[in-house]
Amino acid sequence: MRPELTSSSPSPTDRRLSALVRHLASASPLMESQTAISFSATASFHGESVFSHVVRAPEDPILGVTVAYNKDPSPVKLNLGVGAYRTEEGKPLVLNVVRKAEQMLVNDRSRVKEYLPIVGLAEFNKLSAKLIFGADSPAIRENRVTTVQCLSGTGSLRVGAEFLARHYHQRTIYIPQPTWGNHPKIFTLSGLSVKTYRYYDPATRGLNFQGLLEDLGSAPSGAIVLLHACAHNPTGVDPTLQQWEQIRRLMRSKALLPFFDSAYQGFASGNLDADAQSVRMFVADGGECFVAQSYAKNMGLYGERVGALSVVCKTADVASRVESQLKLVIRPMFSNPPIHGASIVATILKDRNMYNDWTIELKAMADRIISMRQELFDALRARGTPGDWSHIIKQIGMFTFTGLNSEQVAFMTREYHIYMTSDGRISMAGLSSKTVPHLADAIHAAVTRMS
Ligand code: PLA
C-alpha cells in the first residue's frame, strides 16, 4: 500500500494513530472504555449528543494566557505571555514596509487569486533560502536546497517532521530541555519519537554546555536534533559561536541530523546575518540539514502564517527528489499555502530599498526589546529586589526566563494582573517604559513575599 516504505516497522500512520490514542486516552479516561463510546452512540436516540463523552481540554499553555488576559477587566492588566511585539504604547505593530508592500499588491490589477503550486510561491521560496543561508551560499548555487512554503514556523516544522517520519532511517528527535511547548506535540504527532537533551542550567541561568555535549554524545548515530537557530525560546540562552562550532563537530562526527527552528532571525541581535550564523556554519561544512523559518516575528506577519521549510541535501538530484516527496506531505495536509503573506515577503525581499527599510524597522524592534531588558534590570536593582537579575540583560531574543516559580507567577497574575506563562517566561516585546515599573513592583512583591 505504501511503496515509499521498505522496512517492516510500523508505518507513520500507525505510529501517528497510536500516539493520538495515547494522547486522547490521557486526556480522557473514558476513551479507553468501549462502553462509554457505545453509550454516547445510543444516547443520540434519546436526544443526547453523540459527543457527550468529550471532556473539556485545557487551554494551550501559551495561547491560553491571552484567553485569560482578555477576560480580565483590570485597566492595569499586562499580557507578557505570547511572544508578540508591542509598541511603546502597547499596541500591535504593522511594519511600514509591510503596509507599503500590501499597497503595491492591492494596486497591481494583474494579480489574481489563483491557487499557488503545492510548494508555494517560487520567488518567496528562493528569497527565503537566500535570507537564511546567505546570498553567496554554495548550497543554493549548487541547487542542493529545496524550499517549500508552509504555514509559518509551526507548519514548516510539521511538514519537515512528517517527511522525516516517512523517509528517514532514524525516528528519534532530540529536543532541548526546556523548549517551545509545541515542539514535542508537533514531533510526536508527526510520528517521531521525542527525547530531550540538557540545555538550560537553572543554577547559572545559562547554558548547560557540558550536559548538552554529553547528551548529544550519547544519542544514537543518525538521530535528529532540534536546534533553535537563535534566541532560544523560552530561555533566551544561546550557545556562543565557539560552542556552536563544538556542537557542529560533535553532531557531524556522529551523523546527527540538524533540524533548525529559525523563528527569530533578526530579533536576537537586530542583524539578520548574525542571527543566521549557527545555520550557516552547519551548511558551510557541506552536510545536510533541515530549517524551518517563520516570518511571524521578524516581519510582524503573525496571523498571515508565512514560513518556509528548507532541506539542504548533498546533491541537486537528491534535493529534487526530496521536494517531490514534500509535495506528497503537503497536498493532503493543506493542499497548497496561502498567497497573500508570501507575496508581501517576496515584494520586500526582492527590492533593495524595501529590504533596507525592513532591516531598519527590524533593528528598531530588536533594540526596543534590548532596552526593555536594561530598564527592567535597573528597576529591580532600584527596588533592591533580592537575587541576581543579571540574566535579564544577558539573555537574548524575545523572552526572559526569569526564574520565578509557578506560585510566584500565579501571585503576580492574581495581585498585579500580569499574565505570563507558568514557567516564569516573560515576553520582553510586550513591555514598555510605562509598564516596567508595574512589572518590577510585581516581581519584587512576588520574590519577597512568596519565596
Ligand atoms: N518556533 C519557536 C521557537 C517559537 O517560539 C514559535 C512561536 C514558533 C516556532 C512558531 O511560530 P509561528 O508558527 O507563528 O511562525 N512561539 C510564540 C507563539 C511566539 C506560540 O506559542 O505560538 C510563543 O509565544 O512562544
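An oxygen atom of the ligand is placed 2.8 Å from a side-chain N or O atom of Arg305. In this predicted model, the protein covers 92% of the 530 Å² of accessible area that the ligand has on its own.

For Thr154, the separation between a side-chain N or O atom and an oxygen atom of the ligand is 2.5 Å; for Ser294, a polar side-chain atom is 2.6 Å from a ligand oxygen. Both Thr154 and Ser294 belong to the group that comes nearest among the 17 residues around the ligand, a group that also includes Ser152, Asn233 and Asp261.

Helix α7, spanning residues 152-167, gives the most to the shell, namely 3 residues. Domain 1 (61-94 + 355-450) and domain 2 (115-350) each supply at least three residues to the shell.

Attention now turns to the backbone. Most peptide bonds are trans, and most residues other than glycine have a negative phi. Asn233, one of the residues that come nearest to the ligand, is joined to Pro234 by a cis peptide bond with omega near 15°. Pro234 is located in the loop between β7 (224-228) and α10 (241-253). A cis bond also links Gln177 to Pro178, with omega about 0°, and Pro178 falls in the loop between β3 (172-177) and α8 (182-190). Asn143, although not a glycine, has a positive phi of about 60°; Asn143 is found in the loop between α6 (138-141) and β2 (145-151).

Note on methods
Residues are numbered from 1 along each chain as its sequence is written. This is a predicted model: local features need pLDDT of at least 70, side-chain atom pairs count only at pLDDT 80 or more; totals for chains, interfaces and linings use all residues. Side-chain values use heavy atoms; hydrogens and water are left out. A residue is near a molecule or strand if one of its heavy atoms lies within 4 Å of it. A polar contact is a pair of N or O atoms within 3.5 Å; within protein, one must be able to donate a hydrogen and the other to accept it, and residues adjacent in sequence count only if both atoms are side-chain atoms. Accessible areas come from the Shrake-Rupley method with a 1.4 Å probe; for residues, only the protein chains shown count as cover. Helices (H or I, at least four residues) and strands (E, at least two) are DSSP runs, numbered from the N terminus. Domain bounds come from an automatic or database domain assignment.
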